[in-house]
Amino acid sequence: MKVSIIAFTDDGMEIAYKLSNSLSEANDVDFARCGKGALSTWTEEHFSTNDALIFIGAIGIALRAIAPYIKTKTKDPAVVVVDELGQFSIPILSGHIGGANELALQIAEDLGSIPVITTATDINKVFAVDTWAKSQGLQILNPQCIKLVSSKLLKGESVHVKSDYPIQGNLPKNVYLNDLEDSNVGYDVIITHKDLENERKNDTLLLVPQIITVGIGCRKDISFESVESSILNILKSENYHILSINALASIDKKANEKGILEFAKKYDLPFNTYSAEELNSLEGDFTKSEFVKSVVEVDNVCERSAIMESNGKLIRSKDTCDGAGVTVALAINDPNISWE
């Protein structure tokens, strides 16, 4: 977790120094004293590149500083304010998904201060679906529906969850799993890697596990457009959501292929490559090509790299993508989800 701290006075800098020491054990932490007129520049620079910001000073100063840069609760960093005497730690942005509440509690423990948590699910000790989703690695497709689930739980009403995967542990209070008829109707939360276009139009909260690995091969100097259209068309044909992708994989000879790198950057995905020796070490029934083997010393790049990266099973064999110069295969590794 990348954390940046800013202070305005000598007292504030003492607290920043203490927090830097305590938080740096598990995080990448830096701190600075704000010069005259420099707050806006500091905030703009750090808001988009950090996981968390800590302001040592007044809440009003922090609020005015971050206001121009706030976008969405799934993307904004955690923001915590600590007063100059270190008496209170107050999360003011991204309490659940961004982890500001958890950070405020950690700061309070480090400084011996009082954490001021205001989110309703926390103070009422009710299951927070967004915090849980983050802890389980589930992507939130429609965050505007979080409040609908939380509102039901706060009122003591039942919340019905449908999951395409088993979930270990004891169910939270008033939460029921796969208890309705075999359809998507009536569920408050659906957990799936499928692209449920119809459910996006209603009030169902959609959570997507990142469990699909894309193995890719291509001709030299392939364009970004060819890579993007090929992958998206394959996902569409299988009805898999783009958020379900966890990584791209290929042979090391493609490590600097600009079209693949641009796709990985656009969709914020890791791109990992493997040597011919590593790919050939895999046992299994792969779609072989003597031509590919004569060029890169591996009989199949996309299927083997997908399996190598995911350590899972193949769910879409090699597809030549209508002669686009790209081959794509998909592998899956089912998620390990728990209520705990």
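Guide: Gladly! Two strands count as paired here if DSSP finds at least two bridges between them. Helices (H or I, at least four residues) and strands (E, at least two) are DSSP runs, numbered from the N terminus. Within this pair, Ile 212 faces Ile 245 of E14.

A word on the source: this is a predicted model, in which local features need pLDDT of at least 70, side-chain atom pairs count only at pLDDT 80 or more, and totals for chains, interfaces and linings use all residues. Residues are numbered from 1 along each chain as its sequence is written, and side-chain values use heavy atoms, with hydrogens and water left out.

Now for the sheet that holds the pair. E13 and E14 belong to an open sheet of 5 strands with mixed pairing, in the order E15-E14-E13-E17-E16. The edges are taken by strand E15 (271–274) and strand E16 (313–319); each has a single partner strand, so one side of each is left without a neighbour in the sheet. From one strand to the next, the twist averages 25°. For such angles, axes are lines fitted to C-alpha atoms, for helices over the stretch in contact, and values run from 0 to 180 degrees between N-to-C directions. As background, strands of a sheet pair through backbone hydrogen bonds, either parallel or antiparallel.

Helix H12 (residues 302–310) lies across E13, E14, E15, E16 and E17, and runs at about 145° to E13.

In general, most residues other than glycine have a negative phi. Asp 221, in the loop between E13 and H8, has a positive phi near 60°. Asp 221 is also exposed, at a relative accessible area of 62%; exposed means over 50%, buried under 20%, and partly exposed in between (1.4 Å probe, protein chains only). Asp 268 sits in the loop between helix H9 (258–266) and E15, and its phi is positive too, at about 55°. With 67% relative accessibility, Asp 268 counts as exposed.

To place this part in its setting, step back to the protein chain, which has 12 helices and 18 strands. Its C-alpha atoms fill a box of roughly 70 × 50 × 30 Å along the principal axes. Of the 340 residues, 48% are buried. Among contacts between residues at least 6 apart in sequence, 62% join residues at least 24 apart.

There is also another open sheet of 5 strands with mixed pairing, ordered E7-E12-E11-E8-E10. At its edges stand strand E7 (138–140) and strand E10 (175–177), each with a single partner strand, so one side of each is left without a neighbour in the sheet. In that sheet, E7 pairs with strand E12 (residues 205–209) in the antiparallel sense over 3 bridges, and Leu 138 stands opposite Pro 209 in E12.

Definitions and conventions:
Contact = heavy atoms within 4.5 Å.
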